[in-house]
Structure formats: C-alpha cells, structure tokens
Amino acid sequence: MRIRERLGPLFADEEFKEAFGVRGRPGVSPGQLALVSILQFAENLTDRQAAHAVRARIDVKYLLGLELTDPGFDHTVLTGFRDRLLAHGLEEKILDLLLERLTGMGLVASGGRQRTDSTHVLAAVRSLNRLEFVGETLRSALEALAAAAPDWMRTSMDPAWQERYGARVDAYRLPTEERERRELARQIAADGYRLLEAVFTPKAPTWLRQVPAVTVLRAVWVQQFTRTVADGEEEVAWRGKGDLPPSRVLIASPYDPDARYAKKRGSAWVGYKIHVSESCDDPEQSQRPHLITHVVTTDATVNDAMVVDEVHDRLTSRGLLPAEHLLDAGYTSAELLLTAPVSRGVTVTGPVRSNNTRQAVRGGGFGKTAFAINWQAKQAVCPAGATSRYWTEGVDNNGRDAIRIRFATATCAPCPVRDQCTRSTQYGRQLTVRPQDQDAVLERVRAEQSTGEWKQRYAARAGVEGTIHQAVATAGVRRTRYVGLAKTHLAHVLTATAVNLIRLDAWWNEIPLACTRTSRLAALDLAA
C-alpha cells in the first residue's frame, strides 16, 4: 500500500503494447500483471497463490487499483504474461521502468559507487549419473514422439521399447557390476541410434526432426557416444573422459538443455549463475538507499570476468554507470583494470590473484617476481641466471591475451634449485604473463591491495553478499522455478525489482541497514 501511495501506478499498459498488441483493453491490464508478478517474487508465491491474493487480499487490490468486488483472473494468465514478455524481448522492461521512475525521484543516479557479485542457481531438474542421463534422454524423446505422433510411433517403434523405457530410469534398480552397466549403456545407445534413423528416414514426417526432445537426443548421442561400423558390425561405446566436449557445451539434463555443470571452490551444481549489481553509496551522505541496478543470468560455466562489459553496457543505457565499481577477484582482469577508466570512465576496484607457484606460496620457492623479464628481447632470466628459450604469444582459456615463457628442459634438469621452481619432472619452468602494459597494471594493483587504505575502500564490496542473501531468503533465487536460461533470467529480473520495492519500503520507514552478524564466540572480549 505504501508503494502505491509513494509511486502511484508503476506501469502503464502502453509500455507493453508491443507484447500485447492494440486489440483493445485486455481482460487483465498488462501493467497490473507486471505488479502481480513482482508481488509474486516479493512474497515467494506460486502462480496459484498470486492469483488467489488478487482475489482475496485488500492490500493487493489497493496496489492494483481494483474494486473490492473484482473477481481476479485465472493463474494461467501469469504464464501467458511471462511468455509474451520473452517472445518480444521485454524481460528487462519491468526493472527498466522502475529504475527510470526512481532516477526521476533522485533515488538512483549515475556516478557514485556500485558493487557486483554472483552466486550459483540450481536448475529445476534432478542431477543424474551418466547412465541415468542417457537413459532418461532417450525416454524423454520417446515420450515426446508418443504425444506428438502416436500413429507414427505405433508403426515405427520397437515393441520392446515400451517395456524398457515405459518408466523413468530412476524408477528401477540399475546394475552394479561394471560389465553389466556397460552392456546396458550399449543397449541404450543402440536404441537411440535406431530411433534417430527412423526419425530421419525419408518416409518419416519431416517435422519430427524439429521436436525439441529429438534435437536434444541427437546432440546428447553425439556428445556421449562413439559409433563405428566395420565389416558390417556396429560398435557403440562411451566417449572417454578426455573425449567429452567442454562443460560449456555439454548438456547436463534432457529437460533443461540450457543448464550446465560447474564446480567452484569445492561446490558442484547443475544450473546457472546470477550476477547482481547494486548501488552502495553511503546512505547518510547520498540520501539514497542501496538498490539493485542490474542482474545478469548466465549458465554455470561462464567466467565472471566475461560479464563485466555487459554490465557496463546495460548500466550505460540506463544512465546509471558508476564512477567506481567494486568487484571481487573473479571479475577483475588486467584488460578491465586498464581499459575501464579510459573507455568508460569507471574506476574498477578489486583484488587480483597472485601468480606465484605453490612452492612460492608455501615459502622458499620462486614466484614470478623472482624472474627478470626483458620485454624487448622477449626473454626471461631465472634466479639461477638461466635464460628462457621459448616466448609464445597467444590467448588463455578465456580468450584473453597471454604470453607463455618456457625454459628448456635441458636447462632446468641439472639446476640445483629445481625443486624450489617447478614440480614438473619432464619439462622446464613455464611462466604465463600478460602483455607488458597489462602486467604493469597487475603488479601495481598487487602492491596496492596490501595497504590499509585500499582495504578500507574495498570493504564496502562485502555488502553485496547481504543483497544475495536477501534475494535467496525472499524469492528463493538459489533454485530456479522455471526451465531454460531465458525464463530463469526473467525470474531474476522480477526478483531484483521485488527486492528494490522491499528496500524502498524500508527506506521510507527509516529502517536502518542491518549490521553484520557476529557470533557470540567471535564477539568475546579476550583482552579481559
């Protein structure tokens, strides 16, 4: 109710004209549906619960400007609303309109300081082992074809498949012996190839090839199996671990082809990442609350540093580009530190990782700083006085410029301090450095980040973790309720908008920011 009184009607129907056409006033206003969608995430409601709230709650009717006798709408209308937003590329529209209104009120502004961090998002699917995964992929394709083309299935399907794949793969006990598991995998692979051959025969309807489950089946079989035919005999086998495609393209579930498997700091998950950016100026000095300015959703394998340019582009289009951007080590890179102040006028503050070897970290070893690099001669000199032999300019795994410097094996083999330099027993020491201008920036930041002044300025970044916690506690952002990257991103946009409205309500009620929680043990005064 306070949101209605302070902001008035948030969304005009004209803003969604592209998605809903000009066929006259719909039964439910698009602007009202946008508000209901935000309320749904502010209170973590299902579609049915949100539709019931519109029918039964006076405060919701007040927010929407409805009569007390208004009967509301069916919950399926919300599904159609989200589908239309996605079909017309308007998933960012709701957050854009709110930020535009708040910019006019002076509650958000360009310049100042913002911070960004990410967290993992679990896909709305089960994690399956490899055997379960391929079996369920084949079963899902058979289920889809049985629904889409039952007559064709009756004439083209092997009758044994009905018994073999009629139930979910996890509904029966899989064999434990390795030989039996391999035999079952070969059976599933052969059945999958037979189904694909039947779908792609000239006699089969061509539209069957466009069924999403068939497309997924074809991609999974290419990724998981090898197939050879010799002397009329067909041989099907698992791909070896080294023969699998990288995680960024490896399908992890037949029911959500966009979800990816990733591992970070010992935690593994199948799903996505959400990157949250928010303003973080001192509220007492700026007279503005901390509000979310942008969210990015990626699959779980995308490196954090790859989204910073997208964040800056979007903040620029909204007129909210900060003067200082606080990031953690996952986002910072030499290119960003070097180019952001020049091309965008944004000072990036964040730590850079040490490039020392394990020996140097543990003490007594030689890190990169122990080597003298001659950039003009394209050589490096080790602590023992030996000169490198190879200087290779290229890119690293993330496509960023990198230089690999390697010492000859014959040079390092007899070195008396080899154990302090490298653990390799076959090759000489190798260094990976950035181009000279980027390397200079990295060394400068490494020196600065150990100072008290830098640590005090960077301490403000930690507050974004509280924002992520609020999104998790309020809307359950850690686990997506939808399938697919596009729908998951729309849910994250609605979550960000809902968190902003919750924070505005707290700001207008003069509720102070919560202090960082400290355990009783950590708070003990041991000096006494």
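**Pockets, helices and a sheet**

The lining of the largest pocket draws at least two residues from each of β4 (260-264), β5, β13 and α18 (436-448). Strand β4 gives the most, with 4 residues. Keep in mind throughout that this is a predicted model.

The largest pocket holds about 1,200 Å³ of space. It is lined by 39 residues, and N303, R353, D396, N398 and R400 are the closest to its centre. By class, the lining of the largest pocket splits into 13 nonpolar, 12 polar and 14 charged residues.

Which strands form it, and in what order? The open sheet has 3 strands, ordered β11-β12-β13, and the pairing is antiparallel. The edges belong to β11 (390-395) and β13 (430-433). Each has a single partner strand, so one side of each lacks a neighbour in the sheet. Neighbouring strands are turned against each other by 20 degrees on average, with direction ignored. Look at the pairing of β11 with β12 (residues 401-406): it is antiparallel and runs over 6 bridges.

Now turn to two helices, α20 (residues 464-475) and α21 (residues 485-508). Their axes come within 10 Å and cross at roughly 100 degrees. Angles of 65 to 115 degrees count as roughly perpendicular, so α20 is roughly perpendicular to α21. Which residues make the contact? From α20 come T467, Q470, A471, T474 and A475. They meet T495, V499, I502 and R503 of α21. The contact comprises 4 nonpolar residues, 4 polar ones and 1 charged.

Helix α20 gives the most, with 5 residues. By class, the lining of the second largest pocket has 11 nonpolar, 7 polar and 6 charged residues.

How many cavities of 30 Å³ or more does the whole structure hold? A search finds 2.

The second largest cavity returns us to the helix pair. About 50 Å³ of space lies in it. Its lining takes at least two residues from each of β5 (267-279), β6 (292-299), α20 and α21. The residues are I274, V276, I292, V295, T467, I468, A471, H492, T495 and A496. By class, the lining of the second largest cavity has 7 nonpolar, 3 polar and no charged residues.

The largest cavity has a volume of about 70 Å³. Its lining counts 13 residues, with V108, A109, S279, D281 and R288 nearest the centre. What classes make up this lining? The residues divide into 5 nonpolar, 5 polar and 3 charged.

Methods:
Residues are numbered from 1 along each chain as its sequence is written. This is a predicted model: local features need pLDDT of at least 70, side-chain atom pairs count only at pLDDT 80 or more; totals for chains, interfaces and linings use all residues. Side-chain values use heavy atoms; hydrogens and water are left out. Axes are lines fitted to C-alpha atoms, for helices over the stretch in contact, and angles run from 0 to 180 degrees between N-to-C directions. Angles under 35 degrees count as roughly parallel, over 145 as roughly antiparallel, 65 to 115 as roughly perpendicular and the rest as oblique. Contact means heavy atoms within 4.5 Å. Ala, Val, Leu, Ile, Met, Phe, Trp, Tyr, Cys and Pro count as nonpolar, Asp, Glu, Lys and Arg as charged, and the others, Gly among them, as polar. Two strands pair if DSSP finds at least two bridges between them. On a 1 Å grid over the protein atoms alone, a cavity is a set of points where a 1.4 Å probe fits but cannot get out, and a pocket is an open set with protein on both sides within 12 Å along at least five of seven lines; lining residues have an atom within 4 Å of a point. Grid points are joined across faces, edges and corners, and a volume is the space filled by probe spheres set on the points.
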